[in-house]
Amino acid sequence: MDKFDRSRSCAVSMDQKDPLAKYRDQFIFPKTESGTPYIYLCGNSLGLQPKQTKDYISEVLDQWANKGVKGHFNGEKPWLDFNDRLNPMMADIVGALPEEVVIANTLTVNLHLMMVSFYRPQGKRIKILMESDAFPSDRYAIASYLSHINVDPEEAIVTVAPRAGEVLLHTSDIVGRIEELGDELALVLIGNTNYYTGQKMDLGHITEAGHRVGALVGFDCAHGAGNIPLDLHDNNVDFAIWCTYKYLNTSPGNLGGIYIHQKHANDPHVPRLKGWWGEDKVRRFQMRDDFVPQLSAEGWQISNPPVIALAAIESSLKIHHEAGMSAIRAKSISLTGYLEYLIDELQHRQVTVITPRDPDQRGAQLSLLIENGSKEIYDRLISSGVIPDWREPDVIRVSPAPLYNSYEDVYKFVQILDVTLSSCVG
Ligand SMILES: *Cc1c(COP(=O)(O)O)cnc(C)c1O
């Protein structure tokens, strides 16, 4: 563990020793009205823009201007195989084989697509296990999909909740619920990192438990991708979905990622919703009547992808790939540990860190429960030059992103938090 102290010089010296420090300058920080860059701690909601992204997008616009339709096949980066170059980089970030990952559609749409392929009710095996406070979009998607195929969501969705008086889940409770449901369980779908508490779940044990009772297991990795190493393949996860605009900095609402384990990705009989871009690449332009899927996660693509959006993804994946997930994670553990240390040192009785204290059970985010807090605190933080994230009724989520946040950002934030709390909640 790093040894921290409360002095500013501690932050400065940590920054000097930081092997990822040079990446900060590759991102654009939003500015206050007076022109000073914000202390941006909201990368769990929307990551910052890499400076080079504009050039990557311009390149595609130029190719479109200069070559028109020929841009699909010609030029330095033909659009036709644009994501063939990106999928392996993305696979690396989530710990998957290159053929197991595709960048396509958006997260919630991909969740619907994964339900088509991997929710396979049979006899009494109809249940889906989720966490009780799953992200609303995931709940809407699953409930509406079930209704659409005439399965009663009330009957099929089973949730696992924190114990009375607690906010975090116990892996043993999830595993226990899986075992109880046994041959009634069709699918486990859990957020790998909870958006609210920042708790990271144990992918390996949950997947193993699901498989033991004959269920399939998928994860929503919206808050995991680019934040923590996921090892999806080694954990034997059946499928996963994530967005790329949070820790992956690809731009607001950009395309999402899909992981499908090799054993399913290479199986042409897995049911799916189809489109021409999921066809075997050799046949894609043969315009035949029958559909033969591409044997890889690319077999789940439906449409030809928006290349301008892919250009922004390429820009940020290159940065992530160069920095490497293990270096990103190492800094993240230290940086978030430093944030935790400084908050603990404040000794404000009103602040409780609800995120797990064990670095192995969290990513970059700390969720701070503010007793008697109100949105006024958030508004004051913003006007003091900090951008955190507020969740009703009383939680501030703070997420130092290892690629662009410095130890000094964290130091300054905690100073501002101290003043704000003293003036707002006494
Ligand atoms: C951010 C997030 C989403 C967002 O879904 P989109 O389809 O990209 O709008 C969904 N689920 C979780 C858990 C998230 O954190």
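Good morning. I begin with the ligand site, where a polar side-chain atom of lysine 246 lies 2.5 Å from an oxygen atom of the ligand. Please bear in mind that this is a predicted model. Taken by itself, the ligand exposes 390 Å², and the protein buries 82% of that area.

For tyrosine 245, a polar side-chain atom is placed 2.5 Å from a ligand oxygen. For histidine 223, an N or O atom of the side chain is 3.1 Å from an oxygen atom of the ligand.

Which residues surround the ligand? They are Leu107, Thr108, Phe135, Asp138, Asp220, Ala222, His223, Tyr245 and Lys246. Sorted by class, this shell comprises 4 nonpolar, 2 polar and 3 charged residues. As to where the ligand is located, it sits in the largest pocket.

I now turn to the aromatic residues. How many aromatic pairs does a search of the whole structure find? The search returns 11. One of them joins phenylalanine 118 and tryptophan 300, with 6.4 Å from centre to centre and 20° between the planes. With planes under 30 degrees apart counting as stacked, this pair is classed as stacked.

Where do the two partners lie? Phenylalanine 118 belongs to helix 4, residues 107-118, while tryptophan 300 is in the loop between helix 9 (262-265) and helix 10 (307-323), so the pair ties together parts that are 182 residues apart in sequence.

To close, I return to the ligand: the residues around it include His223, Tyr245 and Lys246, and the protein buries 82% of the area that the ligand exposes when taken alone. Thank you.

Definitions and conventions:
Residues are numbered from 1 along each chain as its sequence is written. This is a predicted model: local features need pLDDT of at least 70, side-chain atom pairs count only at pLDDT 80 or more; totals for chains, interfaces and linings use all residues. Side-chain values use heavy atoms; hydrogens and water are left out. A residue is near a molecule or strand if one of its heavy atoms lies within 4 Å of it. A polar contact is a pair of N or O atoms within 3.5 Å; within protein, one must be able to donate a hydrogen and the other to accept it, and residues adjacent in sequence count only if both atoms are side-chain atoms. Accessible areas come from the Shrake-Rupley method with a 1.4 Å probe; for residues, only the protein chains shown count as cover. On a 1 Å grid over the protein atoms alone, a cavity is a set of points where a 1.4 Å probe fits but cannot get out, and a pocket is an open set with protein on both sides within 12 Å along at least five of seven lines; lining residues have an atom within 4 Å of a point. A molecule sits in a cavity or pocket if more than half of its atoms lie within 2 Å of its grid points. Ala, Val, Leu, Ile, Met, Phe, Trp, Tyr, Cys and Pro count as nonpolar, Asp, Glu, Lys and Arg as charged, and the others, Gly among them, as polar. Rings of Phe, Tyr and Trp (its six-membered ring) pair if their centres lie within 6.5 Å; planes under 30 degrees apart count as stacked, over 60 as edge-to-face and the rest as tilted. Helices (H or I, at least four residues) and strands (E, at least two) are DSSP runs, numbered from the N terminus.
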